[in-house]
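Morning, everyone. Please have the sequence and the structure open while I talk.

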Amino acid sequence: MIKTVICDFDGTIVDSAQLVYDLFNSFSDKYNYKKMPQEKIDYIRSITFRERFKQYNVSFFKVPSLVMDVVKEYKKSVPSLQVNKEMKEVLRKLKKKGVKLVLISANSKENIEKCLKLNDMEYFDEIIRTKRFFGRNLTINNYIKSHNLNREETILIGDEHRDIVASKKSQIKVISVTWGYDLKDLLISGEPDFLVEKPTDILEVIEQVGA
């Protein structure tokens with residue numbers, strides 16, 4: 001039985017892909033990397049973040065500072081972010097069933113709380129921020145250990161290939177969603193435990209795992 005759901009924020013709950021893409025390009029001069037062309041957006045979504053950074057000459061040493069800058073600018077657009085309404089209903093139902101909901105993101109807690117409040121989505125028991133762009137499994141592991149969670153009763157929901165990688169390293173199951181940042185084929189290549197194309201499928205998966 002699934003008792004704890006750890007859910008990603010950007011891409012999974014809110015449609016912020018274009019915003020993050022635009023913000024990434026806006027800092028290209030400051031961090032001396034190439035901009036990602038809009039016409040290649042589908043190609044960019046079909047490769048991993050490591051491959052994206054490598055192709056556009058983003059220094060991995062500069063990623064932490066870049067993420068901080070993006071998060072700061074992100075704040076200005078929070079009121080206009082579009083929430084996935086079906087996902088909102090899924091989270092409401094999970095909360096009603098007594099499932100513990102934990103939100104994980106590289107975004108600031110302030111940005112997330114503001115967005116959730118504006119959209120009447122204050123369903124989460126906790127919000128954990130990960131400062132590790134490629135090591136969110138460390139954040140997940142720390143959370144699981146500090147809260148004495150059973151890994152078999154915990155599941156991650158995310159829209160990126162790196163979420164799948166993190167779940168495998170954390171030894172928990174993952175539900176990959178196809179409406180976020182990464183394309184379906186890229187997610188499939190990561191071999192997630194479950195792949196869903198609409199939010200309501202998440203409820204079926206969680207019931208299946210708990211059966």
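Start at phenylalanine 49. The charged end of arginine 52 sits over its ring, 4.4 Å from the centre. Arginine 162 does this too: its charged end sits over the ring of phenylalanine 49, at 5.2 Å from the centre. Keep in mind that this is a predicted model.

Take phenylalanine 24 and tyrosine 33, which form a stacked pair. Their centres are 4.5 Å apart, and 25 degrees lie between the planes.

Is phenylalanine 24 buried or exposed? Its relative accessibility is 9%, so phenylalanine 24 counts as buried. Buried means under 20%. Tyrosine 33 has 8%, so tyrosine 33 counts as buried as well.

Phenylalanine 24 has another partner, phenylalanine 53. Why is that pair stacked? The planes of the two rings are at 15 degrees, and stacked needs under 30. The ring centres are 6.3 Å apart. This pair links distant parts of the chain. Phenylalanine 24 is in helix 1, residues 17–26. Phenylalanine 53 is in helix 4, residues 49–55.

Next, the loop residue. Find glutamate 191, between helix 10 (184–189) and strand 8 (194–196). Buried or exposed? At 58% relative accessibility, glutamate 191 counts as exposed. What does glutamate 191 contact, once neighbours within four places in sequence are left aside? Ile164 and Lys168. Lysine 168 is 23 residues away along the chain, and the C-alpha atoms of the two residues are separated by 9.8 Å.

Last, the cores. The largest nonpolar core has 53 residues. Which have the most contacts inside it? Val5, Phe9, Ile13, Ile175 and Ile202. Which helix gives the most to this core? Helix 5, residues 63–74, with 6 residues. Another core lies apart from the largest one. This other core has 14 residues, among them Ile104, Ile128, Tyr143 and Ile172.

Let's finish on isoleucine 202. Leave out residues up to four places away in sequence. Isoleucine 202 then touches Met87, Val90, Ile157, Ile175, Val177, Trp179 and Val196.

How values were computed
Residues are numbered from 1 along each chain as its sequence is written. This is a predicted model: local features need pLDDT of at least 70, side-chain atom pairs count only at pLDDT 80 or more; totals for chains, interfaces and linings use all residues. Side-chain values use heavy atoms; hydrogens and water are left out. Rings of Phe, Tyr and Trp (its six-membered ring) pair if their centres lie within 6.5 Å; planes under 30 degrees apart count as stacked, over 60 as edge-to-face and the rest as tilted. Buried means under 20% relative accessible area, exposed over 50%, partly exposed in between (1.4 Å probe, protein chains only). Helices (H or I, at least four residues) and strands (E, at least two) are DSSP runs, numbered from the N terminus. A charge sits over a ring if NZ of Lys or CZ of Arg is within 6 Å of the ring centre and within 35 degrees of the ring normal. Contact means heavy atoms within 4.5 Å. A nonpolar core is a set of buried Ala, Val, Leu, Ile, Met, Phe, Trp, Tyr and Cys residues joined through side-chain atoms within 4.5 Å.
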